[in-house]
Amino acid sequence: MILILLFSVVLGFSGYQNKYAFDGISKEGTGKAAVEIDKEIAAKYEGILTDEKVQQMMNDFASKTNLHGMNAAYLYHNAMQSAAFTRFSDMDGNWNGIRVSDAFGDEEIRIGYVDGWLTTSQNMVKIFFILSLVAVIMIAPVIRVV
């Protein structure tokens, strides 16, 4: 159990230290600085996702350099840009014509900063699977097939 707890701490610390964000203008950083950049960007767009917000994000996050054939959806600057480009960008980083209602139907989508909880929940799932595997290995010698 101590090893699993230690693994959990290492996962959390590693994810935090390896985090990267760039605001597209001048702020760039890793770790705590990246979290602050992502929070600042998310605050700008926080609330209900609308077609107008999508258009604003597409304009704000448009690539200022030649992508040399790289798909803009895989270009990572910050969490908000990545989420917007995944659904609403063509290969060159331009709006692909998909509206919020096309992507999500009538469901109201709220956006903002969630990365801290998202990463924590992903790590918890990893720990759950490791604990399950350890439990199966530990009880395997006890269970006999009749």
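Predicted model: local features only at pLDDT ≥ 70, side-chain atom pairs only at ≥ 80, totals over all residues.

Reader: Which residue does E40 form a salt bridge with?

Author: With K27; the closest N and O atoms are 2.8 Å apart. E40 is in helix α2 (residues 32-45), while K27 is in the loop between β1 (20-22) and β2 (28-30), 13 residues apart.

Reader: Is K27 buried, exposed or partly exposed, and why?

Author: Its relative accessibility is 37%, so K27 counts as partly exposed. The band for that class lies between 20% and 50%.

Reader: How many salt bridges does the count come to?

Author: The count comes to 4 salt bridges. Among them is the one K44 forms with D60, with the closest N and O atoms 3.1 Å apart. That pair links helix α2, where K44 sits, to helix α3 (residues 51-60), which holds D60.

Reader: And how exposed are K44 and D60?

Author: K44 is exposed, at 57%. D60 is partly exposed, at 24%.

Reader: What about D51, which residue does it meet in a salt bridge?

Author: R99, at 2.8 Å from N to O. D51 is in helix α3 and R99 in the loop between α4 and α5, 48 residues apart. R99 is partly exposed, with a relative accessible area of 42%.

Reader: New topic. Where does S89 lie, and is it buried or exposed?

Author: S89 lies in the loop between α4 (79-88) and α5 (100-104). S89 counts as buried because its relative accessibility is 10%, and the cut-off for buried is under 20%.

Reader: What is S89 in contact with?

Author: Leaving aside neighbours within four places in sequence, S89 is in contact with M58, A72, A84, N94 and N96.

How values were computed:
Residues numbered from 1 in each chain as written. Heavy atoms only, no water. Helix = DSSP H or I, 4+ residues; strand = E, 2+ residues; numbered from the N terminus. Buried < 20%, exposed > 50% of the residue type's maximum accessible area, 1.4 Å probe, protein only. Contact = heavy atoms within 4.5 Å. Salt bridge = Lys/Arg side-chain N within 4 Å of Asp/Glu carboxyl O.
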